[in-house]
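Thanks for asking me to look this one over. Here are my notes, as numbered points you can follow with the structure open beside you.

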Amino acid sequence: DLSTGIIYRRRIATCQNVIPEILRKVTTSREIHYNSSISQVSVLKEPNIYLEEESWLNTQKRNMAMKTHCLTWTQYASLSEESVFRESLENPNWTDFTQKGRISVTGAGLLNCVLEAFAQSFLKQGVKK
């Protein structure tokens, strides 16, 4: 928008599933009904994780806000992240970065905590970059 100086973007990101293969095999499964037969499909066996990312770049105030949430496993897990990049008050050549995230896994029994830990490591990888 030229009047406000804000550039809005929305995109879908594809990330590799970081959950170890051994955990993908032993976690909760869902039943698929097909032609009167029932089969079990591992819900974590997905090779990729899809995220929706929205960003607002304010060229006048020299800051950018981003919001991301997970589109994969929405019935079992919730992952959201908010980030803000802004010009540092100490030095205009520096960038201050703040990030908040929330992770919640349900339906995997005792593995909920383990899966949340892997999701947390996934978020931290983004911070390092």
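1. Let me begin with a question: which residue forms a salt bridge with glutamate 87? The partner is arginine 62, and the closest N and O atoms are 2.6 Å apart. Glutamate 87 belongs to strand β6 and arginine 62 to the loop between β4 and β5, so the pair ties together parts that are 25 residues apart in sequence. At 30% relative accessibility, glutamate 87 is partly exposed. Arginine 62, at 52%, is exposed.

2. Before going further, a word on confidence. Please keep in mind that this is a predicted model. The average pLDDT for the protein is 77, and 71% of the residues score at least 70. Among the elements, strand β5 (residues 63-70) has the highest mean pLDDT, at 93, while strand β3 (residues 37-42) has the lowest, at 45.

3. Over residues 27-41 the pLDDT stays under 50. The model has 26 contacts beyond four places in sequence for this stretch. I would read those contacts with that pLDDT in mind.

4. Back to the charged pairs. How many salt bridges does a search of the whole structure find? It finds three, and the pair in point 1, glutamate 87 with arginine 62, is one of these salt bridges.

5. Another salt bridge joins the side chains of arginine 10 and glutamate 52, at 2.5 Å from N to O. Arginine 10 sits in strand β1 and glutamate 52 in strand β4, so this pair ties together parts that are 42 residues apart in sequence. Is glutamate 52 buried or exposed? Glutamate 52 is buried, because its relative accessible area is 11% and the cut-off for buried is under 20%. Arginine 10, by contrast, counts as exposed at 53%.

6. Next comes glutamate 53, which forms a salt bridge with arginine 11; here the closest N and O atoms are 2.6 Å apart. This pair also links distant parts of the chain, with glutamate 53 in strand β4 and arginine 11 in strand β1, 42 residues apart. Glutamate 53 is buried, with a relative accessible area of 14%. Arginine 11 is exposed, with a value of 52%.

7. Now for the aromatic rings. The structure holds two aromatic pairs. One of them is formed by tyrosine 8 and tryptophan 56, in a tilted arrangement with 5.5 Å centre to centre and 50° between the planes. Tyrosine 8 is in strand β1 and tryptophan 56 in strand β4 (residues 48-58), so the pair ties together parts that are 48 residues apart in sequence. Tyrosine 8 is partly exposed, with a relative accessible area of 42%, and tryptophan 56 is partly exposed too, at 29%.

8. Isoleucine 12 is found in strand β1 (residues 6-16). With a relative accessible area of 47%, isoleucine 12 is partly exposed.

9. What does glutamine 60 contact, leaving aside neighbours within four places in sequence? The contacts are Ser3, Thr4 and Gly5. The C-alpha atoms of glutamine 60 and isoleucine 6 are separated by 7.8 Å, although these residues are 54 residues apart along the chain.

10. Finally, a look at strand β6 (residues 77-87), where serine 83 has its place. Serine 83 is buried, with a relative accessible area of 5%. Not counting residues up to four places away in sequence, serine 83 touches Met64, Ala65 and Met66, along with Phe97, Thr98 and Gln99.

Notes: Residues are numbered from 1 along each chain as its sequence is written. This is a predicted model: local features need pLDDT of at least 70, side-chain atom pairs count only at pLDDT 80 or more; totals for chains, interfaces and linings use all residues. Side-chain values use heavy atoms; hydrogens and water are left out. Helices (H or I, at least four residues) and strands (E, at least two) are DSSP runs, numbered from the N terminus. Buried means under 20% relative accessible area, exposed over 50%, partly exposed in between (1.4 Å probe, protein chains only). Contact means heavy atoms within 4.5 Å. Rings of Phe, Tyr and Trp (its six-membered ring) pair if their centres lie within 6.5 Å; planes under 30 degrees apart count as stacked, over 60 as edge-to-face and the rest as tilted. pLDDT is the predictor's confidence in each residue, from 0 to 100. A salt bridge is a side-chain nitrogen of Lys or Arg within 4 Å of a carboxyl oxygen of Asp or Glu.
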